[in-house]
Amino acid sequence: MQRNMKFGTKAIHAGVEPDPSTGAIMTPIFQTSTYVQRSPGDHQGYEYSRTHNPTRTALQQNLAALENGKHGICFSSGLGAIDAVIKLFRPGDEIISTNDLYGGTYRLFTKVFEPFGIKFHFVPMADPAAIESKITANTKMIWVETPTNPMMNIIDIQAVADLGKKHGVLVAVDNTFASPFIQNPLDLGADIVMHSVTKYLGGHSDVVMGALVVNDDSLAERLAFLQNASGATPGPQDCFLVLRGIKTLHLRMERHSQNGKTIAAYLKNHPKVEKVYWPGFEDHPNHDIAKKQMRDFGGMISFTLKGNRLEDAKKVMENFQVFALAESLGGVESLCGHPASMTHASIPKEEREKVGLVDSLIRLSVGVEDAEDLKNDLAQALSSI
(Lines give C-alpha, C1' and ligand atoms only; values in the text may rest on other atoms or scores of the structure.)
Protein backbone atom coordinates (compact mmCIF):
# COMPACT_ATOMS: atom_id res chain seq x y z
CA MET A 1 0.00 0.00 0.00
CA GLN A 2 2.81 2.41 0.86
CA ARG A 3 4.30 2.23 -2.62
CA ASN A 4 1.02 3.56 -4.01
CA MET A 5 0.82 6.47 -1.58
CA LYS A 6 1.66 9.98 -2.78
CA PHE A 7 4.94 11.39 -1.50
CA GLY A 8 3.51 13.70 1.17
CA THR A 9 1.56 10.83 2.71
CA LYS A 10 4.59 8.52 2.65
CA ALA A 11 6.75 11.18 4.30
CA ILE A 12 4.40 11.27 7.27
CA HIS A 13 3.24 7.66 7.54
CA ALA A 14 5.58 5.19 5.77
CA GLY A 15 7.34 2.77 8.10
CA VAL A 16 5.81 4.36 11.17
CA GLU A 17 3.17 2.71 13.37
CA PRO A 18 1.68 3.85 16.71
CA ASP A 19 3.70 2.45 19.60
CA PRO A 20 1.99 -0.86 20.53
CA SER A 21 2.59 -0.44 24.26
CA THR A 22 1.06 3.04 24.61
CA GLY A 23 -0.49 4.07 21.29
CA ALA A 24 1.98 6.99 21.01
CA ILE A 25 1.67 8.42 17.49
CA MET A 26 5.33 9.48 17.45
CA THR A 27 7.94 6.72 17.30
CA PRO A 28 9.53 6.51 20.76
CA ILE A 29 13.23 7.12 21.29
CA PHE A 30 14.43 3.67 22.36
CA GLN A 31 17.41 4.92 24.33
CA THR A 32 18.82 1.54 25.17
CA SER A 33 22.02 -0.34 24.38
CA THR A 34 20.71 -3.87 24.93
CA TYR A 35 17.54 -5.96 25.20
CA VAL A 36 16.49 -8.65 27.67
CA GLN A 37 16.19 -12.15 26.20
CA ARG A 38 13.86 -14.86 27.51
CA SER A 39 16.45 -17.53 26.79
CA PRO A 40 19.73 -17.38 24.83
CA GLY A 41 18.75 -16.37 21.29
CA ASP A 42 15.05 -16.11 22.22
CA HIS A 43 14.33 -12.38 21.86
CA GLN A 44 11.90 -9.97 20.19
CA GLY A 45 14.05 -9.18 17.18
CA TYR A 46 16.46 -6.96 19.08
CA GLU A 47 19.66 -8.01 20.86
CA TYR A 48 22.06 -5.05 20.79
CA SER A 49 21.54 -1.51 19.53
CA ARG A 50 24.51 -1.39 17.19
CA THR A 51 22.79 -4.15 15.23
CA HIS A 52 19.16 -3.03 15.51
CA ASN A 53 17.19 -0.37 17.34
CA PRO A 54 13.40 0.12 17.00
CA THR A 55 13.70 3.88 16.37
CA ARG A 56 16.28 3.23 13.66
CA THR A 57 14.15 0.46 12.15
CA ALA A 58 11.23 2.87 11.70
CA LEU A 59 13.50 5.43 10.02
CA GLN A 60 15.05 2.83 7.72
CA GLN A 61 11.61 1.67 6.62
CA ASN A 62 10.53 5.27 6.04
CA LEU A 63 13.60 6.11 3.94
CA ALA A 64 13.17 2.96 1.84
CA ALA A 65 9.57 3.95 1.09
CA LEU A 66 10.55 7.51 0.11
CA GLU A 67 13.06 6.17 -2.43
CA ASN A 68 10.67 3.44 -3.65
CA GLY A 69 13.16 0.85 -2.40
CA LYS A 70 12.91 -2.30 -0.27
CA HIS A 71 15.75 -1.78 2.21
CA GLY A 72 16.97 1.31 4.07
CA ILE A 73 20.23 1.21 6.03
CA CYS A 74 21.28 4.13 8.25
CA PHE A 75 24.79 5.20 9.27
CA SER A 76 26.26 7.75 11.64
CA SER A 77 27.24 10.02 8.72
CA GLY A 78 27.04 10.22 4.94
CA LEU A 79 30.70 9.27 4.72
CA GLY A 80 29.97 6.26 6.93
CA ALA A 81 27.42 5.17 4.33
CA ILE A 82 29.88 5.66 1.44
CA ASP A 83 32.56 3.82 3.42
CA ALA A 84 30.27 0.78 3.63
CA VAL A 85 29.65 0.85 -0.13
CA ILE A 86 33.37 0.88 -0.97
CA LYS A 87 33.96 -1.99 1.47
CA LEU A 88 31.96 -4.16 -0.93
CA PHE A 89 35.07 -4.21 -3.14
CA ARG A 90 38.55 -5.71 -3.08
CA PRO A 91 42.10 -4.74 -4.08
CA GLY A 92 42.35 -4.56 -7.86
CA ASP A 93 38.71 -3.52 -8.31
CA GLU A 94 38.07 -0.26 -10.16
CA ILE A 95 35.41 2.38 -9.59
CA ILE A 96 34.46 5.14 -12.00
CA SER A 97 33.39 8.35 -10.27
CA THR A 98 32.21 11.70 -11.52
CA ASN A 99 35.08 14.20 -11.50
CA ASP A 100 32.97 16.89 -9.80
CA LEU A 101 31.91 15.61 -6.40
CA TYR A 102 31.85 16.34 -2.69
CA GLY A 103 35.38 16.81 -1.37
CA GLY A 104 34.83 14.39 1.50
CA THR A 105 33.92 11.63 -0.96
CA TYR A 106 37.03 12.38 -3.03
CA ARG A 107 39.15 12.29 0.14
CA LEU A 108 37.67 8.94 1.23
CA PHE A 109 38.25 7.44 -2.21
CA THR A 110 41.81 8.70 -2.73
CA LYS A 111 43.29 8.89 0.78
CA VAL A 112 41.61 5.93 2.49
CA PHE A 113 40.74 3.31 -0.14
CA GLU A 114 43.29 3.87 -2.93
CA PRO A 115 46.15 2.79 -0.61
CA PHE A 116 44.30 -0.52 -0.16
CA GLY A 117 44.47 -1.15 -3.90
CA ILE A 118 41.06 0.00 -5.10
CA LYS A 119 41.48 2.16 -8.19
CA PHE A 120 39.32 5.23 -8.90
CA HIS A 121 38.84 6.99 -12.24
CA PHE A 122 37.40 10.51 -12.06
CA VAL A 123 35.67 11.44 -15.31
CA PRO A 124 33.17 14.06 -16.48
CA MET A 125 29.81 12.32 -16.83
CA ALA A 126 27.77 14.73 -18.95
CA ASP A 127 28.27 12.30 -21.84
CA PRO A 128 27.71 8.59 -21.00
CA ALA A 129 30.22 7.64 -23.73
CA ALA A 130 33.01 9.13 -21.59
CA ILE A 131 32.04 6.73 -18.81
CA GLU A 132 31.86 3.67 -21.06
CA SER A 133 35.37 4.33 -22.39
CA LYS A 134 36.74 3.80 -18.87
CA ILE A 135 34.94 0.52 -18.18
CA THR A 136 37.26 -2.50 -17.99
CA ALA A 137 36.97 -6.08 -16.76
CA ASN A 138 37.97 -4.79 -13.32
CA THR A 139 35.27 -2.11 -13.11
CA LYS A 140 32.84 -2.93 -10.32
CA MET A 141 30.88 0.29 -9.77
CA ILE A 142 30.02 3.70 -11.23
CA TRP A 143 29.62 6.45 -8.60
CA VAL A 144 27.24 9.21 -9.67
CA GLU A 145 26.46 12.49 -7.92
CA THR A 146 23.70 14.57 -9.50
CA PRO A 147 23.31 17.48 -9.20
CA THR A 148 27.03 17.59 -8.44
CA ASN A 149 28.59 19.48 -5.56
CA PRO A 150 29.20 22.36 -6.13
CA MET A 151 29.02 22.82 -9.92
CA MET A 152 25.41 21.58 -10.21
CA ASN A 153 26.26 19.32 -13.16
CA ILE A 154 23.46 17.00 -14.21
CA ILE A 155 24.17 13.34 -15.00
CA ASP A 156 21.68 11.14 -16.84
CA ILE A 157 20.94 8.48 -14.20
CA GLN A 158 18.99 6.21 -16.54
CA ALA A 159 21.74 6.28 -19.18
CA VAL A 160 24.39 5.42 -16.57
CA ALA A 161 22.17 2.68 -15.13
CA ASP A 162 21.80 1.21 -18.62
CA LEU A 163 25.61 1.17 -18.91
CA GLY A 164 25.82 -0.59 -15.57
CA LYS A 165 23.42 -3.30 -16.67
CA LYS A 166 25.18 -3.69 -20.02
CA HIS A 167 28.57 -4.24 -18.36
CA GLY A 168 27.45 -5.93 -15.14
CA VAL A 169 28.61 -3.18 -12.77
CA LEU A 170 26.79 -1.56 -9.87
CA VAL A 171 25.54 2.01 -10.14
CA ALA A 172 25.38 4.12 -6.98
CA VAL A 173 23.87 7.61 -6.87
CA ASP A 174 24.49 10.27 -4.25
CA ASN A 175 21.03 11.85 -4.13
CA THR A 176 21.78 14.36 -1.37
CA PHE A 177 21.36 17.57 -3.37
CA ALA A 178 18.00 16.52 -4.83
CA SER A 179 16.40 14.57 -1.96
CA PRO A 180 13.82 11.81 -2.63
CA PHE A 181 11.19 14.50 -3.18
CA ILE A 182 12.92 15.71 -6.34
CA GLN A 183 14.33 12.50 -7.84
CA ASN A 184 14.34 8.73 -7.23
CA PRO A 185 17.41 7.03 -8.76
CA LEU A 186 16.19 3.47 -8.07
CA ASP A 187 13.21 4.16 -10.34
CA LEU A 188 15.71 5.08 -13.07
CA GLY A 189 17.66 1.82 -12.72
CA ALA A 190 20.32 2.63 -10.09
CA ASP A 191 21.32 -0.12 -7.65
CA ILE A 192 22.21 2.01 -4.60
CA VAL A 193 21.02 5.43 -3.45
CA MET A 194 23.10 7.30 -0.89
CA HIS A 195 22.01 10.28 1.20
CA SER A 196 23.78 12.54 3.57
CA VAL A 197 20.70 12.54 5.82
CA THR A 198 22.29 15.51 7.60
CA LYS A 199 21.06 17.69 4.75
CA TYR A 200 17.51 17.89 3.35
CA LEU A 201 16.15 14.74 4.99
CA GLY A 202 16.95 15.98 8.50
CA GLY A 203 16.34 19.52 7.34
CA HIS A 204 17.01 21.39 10.58
CA SER A 205 20.81 21.41 10.94
CA ASP A 206 20.67 19.33 14.12
CA VAL A 207 21.68 15.81 13.00
CA VAL A 208 24.65 14.14 11.28
CA MET A 209 23.63 10.90 9.54
CA GLY A 210 23.87 8.92 6.30
CA ALA A 211 21.71 6.32 4.59
CA LEU A 212 21.68 3.79 1.77
CA VAL A 213 18.57 2.49 0.02
CA VAL A 214 18.58 -0.59 -2.24
CA ASN A 215 16.14 -3.06 -3.78
CA ASP A 216 18.32 -6.16 -4.10
CA ASP A 217 18.01 -8.47 -1.08
CA SER A 218 21.55 -9.89 -1.24
CA LEU A 219 23.09 -6.45 -1.66
CA ALA A 220 21.08 -5.22 1.33
CA GLU A 221 22.30 -8.18 3.36
CA ARG A 222 25.94 -7.41 2.54
CA LEU A 223 25.54 -3.73 3.39
CA ALA A 224 23.70 -4.47 6.64
CA PHE A 225 26.55 -6.83 7.59
CA LEU A 226 29.05 -4.01 7.01
CA GLN A 227 26.86 -1.57 8.93
CA ASN A 228 26.90 -3.88 11.96
CA ALA A 229 30.47 -5.15 11.61
CA SER A 230 32.06 -1.71 11.15
CA GLY A 231 29.74 -0.05 13.63
CA ALA A 232 29.09 3.36 12.06
CA THR A 233 25.48 3.39 13.26
CA PRO A 234 23.34 6.35 14.37
CA GLY A 235 21.81 6.72 17.82
CA PRO A 236 18.05 6.63 18.48
CA GLN A 237 17.81 10.35 19.33
CA ASP A 238 19.17 11.27 15.90
CA CYS A 239 16.85 8.76 14.21
CA PHE A 240 13.89 10.34 16.02
CA LEU A 241 14.92 13.83 14.86
CA VAL A 242 15.19 12.69 11.25
CA LEU A 243 11.80 10.97 11.38
CA ARG A 244 10.37 14.24 12.64
CA GLY A 245 12.19 16.25 9.97
CA ILE A 246 10.97 14.01 7.15
CA LYS A 247 7.34 14.71 8.04
CA THR A 248 7.75 18.18 6.47
CA LEU A 249 10.20 17.20 3.71
CA HIS A 250 7.70 17.73 0.89
CA LEU A 251 6.66 21.13 2.23
CA ARG A 252 10.24 22.27 2.75
CA MET A 253 11.43 21.09 -0.66
CA GLU A 254 8.63 22.97 -2.39
CA ARG A 255 9.75 26.18 -0.65
CA HIS A 256 13.47 25.49 -1.18
CA SER A 257 12.79 25.04 -4.90
CA GLN A 258 10.57 28.12 -5.13
CA ASN A 259 13.15 30.29 -3.36
CA GLY A 260 15.96 28.73 -5.38
CA LYS A 261 14.28 29.78 -8.61
CA THR A 262 13.84 33.35 -7.36
CA ILE A 263 17.42 33.70 -6.12
CA ALA A 264 18.97 32.09 -9.21
CA ALA A 265 17.12 34.56 -11.46
CA TYR A 266 18.19 37.50 -9.27
CA LEU A 267 21.85 36.47 -9.37
CA LYS A 268 21.81 35.86 -13.12
CA ASN A 269 20.86 39.50 -13.68
CA HIS A 270 23.28 41.00 -11.14
CA PRO A 271 26.08 43.10 -12.68
CA LYS A 272 28.77 41.77 -10.30
CA VAL A 273 28.00 38.10 -10.93
CA GLU A 274 29.89 36.23 -13.68
CA LYS A 275 28.14 32.83 -13.81
CA VAL A 276 25.23 31.18 -12.01
CA TYR A 277 25.00 27.39 -11.79
CA TRP A 278 21.42 26.19 -11.27
CA PRO A 279 19.87 23.29 -13.24
CA GLY A 280 16.54 25.05 -13.71
CA PHE A 281 17.95 27.45 -16.31
CA GLU A 282 17.19 26.40 -19.89
CA ASP A 283 20.81 27.09 -20.86
CA HIS A 284 22.20 25.00 -17.99
CA PRO A 285 24.17 22.02 -19.38
CA ASN A 286 21.94 18.94 -19.52
CA HIS A 287 18.88 20.96 -18.49
CA ASP A 288 16.71 18.61 -20.57
CA ILE A 289 17.99 15.64 -18.53
CA ALA A 290 17.28 17.55 -15.31
CA LYS A 291 13.75 18.24 -16.50
CA LYS A 292 13.27 14.55 -17.29
CA GLN A 293 14.61 13.03 -14.05
CA MET A 294 13.85 15.77 -11.48
CA ARG A 295 10.44 16.99 -10.32
CA ASP A 296 11.87 20.44 -9.50
CA PHE A 297 15.30 22.05 -9.40
CA GLY A 298 15.93 22.53 -5.70
CA GLY A 299 17.55 25.21 -3.60
CA MET A 300 21.26 24.65 -4.29
CA ILE A 301 22.97 27.37 -6.35
CA SER A 302 26.60 28.20 -7.06
CA PHE A 303 27.85 31.46 -8.57
CA THR A 304 31.13 33.18 -9.43
CA LEU A 305 32.06 36.84 -9.29
CA LYS A 306 33.35 39.01 -12.10
CA GLY A 307 37.13 39.29 -11.83
CA ASN A 308 37.36 35.96 -9.94
CA ARG A 309 39.06 37.48 -6.90
CA LEU A 310 39.23 35.41 -3.71
CA GLU A 311 39.17 38.57 -1.58
CA ASP A 312 35.86 39.63 -3.20
CA ALA A 313 34.26 36.26 -2.41
CA LYS A 314 35.42 36.53 1.20
CA LYS A 315 34.07 40.06 1.50
CA VAL A 316 30.65 39.08 0.16
CA MET A 317 30.38 36.16 2.58
CA GLU A 318 31.56 38.24 5.54
CA ASN A 319 28.84 40.80 4.82
CA PHE A 320 25.86 38.45 4.64
CA GLN A 321 23.31 39.02 7.40
CA VAL A 322 20.68 36.34 6.62
CA PHE A 323 22.81 33.79 4.76
CA ALA A 324 25.03 32.15 7.41
CA LEU A 325 28.62 31.29 6.50
CA ALA A 326 28.77 27.62 7.47
CA GLU A 327 29.50 24.16 6.12
CA SER A 328 26.63 21.82 5.23
CA LEU A 329 23.37 22.53 3.41
CA GLY A 330 19.71 21.59 3.26
CA GLY A 331 18.53 23.17 6.51
CA VAL A 332 15.58 25.53 6.78
CA GLU A 333 18.01 28.43 7.19
CA SER A 334 19.97 29.79 4.23
CA LEU A 335 23.69 29.03 4.24
CA CYS A 336 26.62 30.13 2.12
CA GLY A 337 29.95 28.40 1.71
CA HIS A 338 33.26 28.76 -0.08
CA PRO A 339 33.96 25.31 -1.55
CA ALA A 340 37.59 26.02 -2.51
CA SER A 341 38.55 26.57 1.13
CA MET A 342 35.82 24.63 2.94
CA THR A 343 34.00 21.55 1.60
CA HIS A 344 36.42 20.92 -1.31
CA ALA A 345 39.73 21.98 0.24
CA SER A 346 40.98 18.37 0.03
CA ILE A 347 40.79 18.47 -3.79
CA PRO A 348 43.97 19.89 -5.40
CA LYS A 349 43.53 23.38 -6.90
CA GLU A 350 44.32 22.25 -10.44
CA GLU A 351 41.71 19.47 -10.19
CA ARG A 352 39.14 21.88 -8.77
CA GLU A 353 39.66 24.44 -11.50
CA LYS A 354 39.33 21.83 -14.27
CA VAL A 355 35.63 21.56 -13.42
CA GLY A 356 35.14 25.30 -12.89
CA LEU A 357 35.51 25.37 -9.10
CA VAL A 358 37.42 28.66 -9.02
CA ASP A 359 38.41 30.80 -6.03
CA SER A 360 35.47 33.21 -6.33
CA LEU A 361 32.83 30.48 -6.46
CA ILE A 362 30.23 30.80 -3.69
CA ARG A 363 27.75 28.01 -2.96
CA LEU A 364 24.32 28.86 -1.58
CA SER A 365 21.91 26.56 0.20
CA VAL A 366 18.75 28.61 -0.18
CA GLY A 367 16.51 28.14 2.85
CA VAL A 368 12.80 28.64 3.41
CA GLU A 369 12.87 32.26 4.57
CA ASP A 370 11.03 35.02 2.72
CA ALA A 371 12.60 35.34 -0.73
CA GLU A 372 12.56 39.15 -0.63
CA ASP A 373 14.70 39.14 2.50
CA LEU A 374 17.16 36.78 0.82
CA LYS A 375 17.37 39.01 -2.27
CA ASN A 376 17.94 42.07 -0.10
CA ASP A 377 20.70 40.25 1.76
CA LEU A 378 22.42 39.34 -1.50
CA ALA A 379 22.08 42.93 -2.71
CA GLN A 380 23.75 44.44 0.33
CA ALA A 381 26.50 41.79 0.48
CA LEU A 382 27.36 42.19 -3.22
CA SER A 383 27.40 45.97 -2.82
CA SER A 384 30.41 45.56 -0.52
CA ILE A 385 32.68 44.77 -3.50
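## Edge pairing

Strands E1 and E7 (residues 210-214) pair in the antiparallel sense over five bridges. Pairing requires at least two DSSP bridges between two strands. Cys 74 stands opposite Ala 211 in E7.

The model is predicted: local features need pLDDT of at least 70, side-chain atom pairs count only at pLDDT 80 or more, and totals for chains, interfaces and linings use all residues. Residues are numbered from 1 along each chain as its sequence is written, and side-chain values use heavy atoms, without hydrogens and water.

## The sheet

Seven strands form an open sheet with mixed pairing, in the order E1-E7-E6-E5-E4-E2-E3. E1 (71-75) and E3 (119-123) each have a single partner strand, so one side of each lacks a neighbour in the sheet. From one strand to the next, the twist averages 20°. Strands (E, at least two residues) and helices (H or I, at least four) are DSSP runs, numbered from the N terminus.

## Helices on the sheet

Helix H3 (residues 78-86) lies across E1, E2 (94-98), E3, E4 (139-145), E6 (192-196) and E7. H3 runs at about 155° to E6. Helix H4 (residues 103-113) lies across E2, E3 and E4, at about 150° to E3. Axes are lines fitted to C-alpha atoms, for helices over the stretch in contact (heavy atoms within 4.5 Å). Angles run from 0 to 180 degrees between N-to-C directions.

## H3 against H4

H3 and H4 pack at about 45°, with axes 11 Å apart. H3 contributes Leu 79, Ile 82, Asp 83 and Ile 86 to the contact. H4 contributes Gly 104, Thr 105, Arg 107, Leu 108, Phe 109 and Phe 113.
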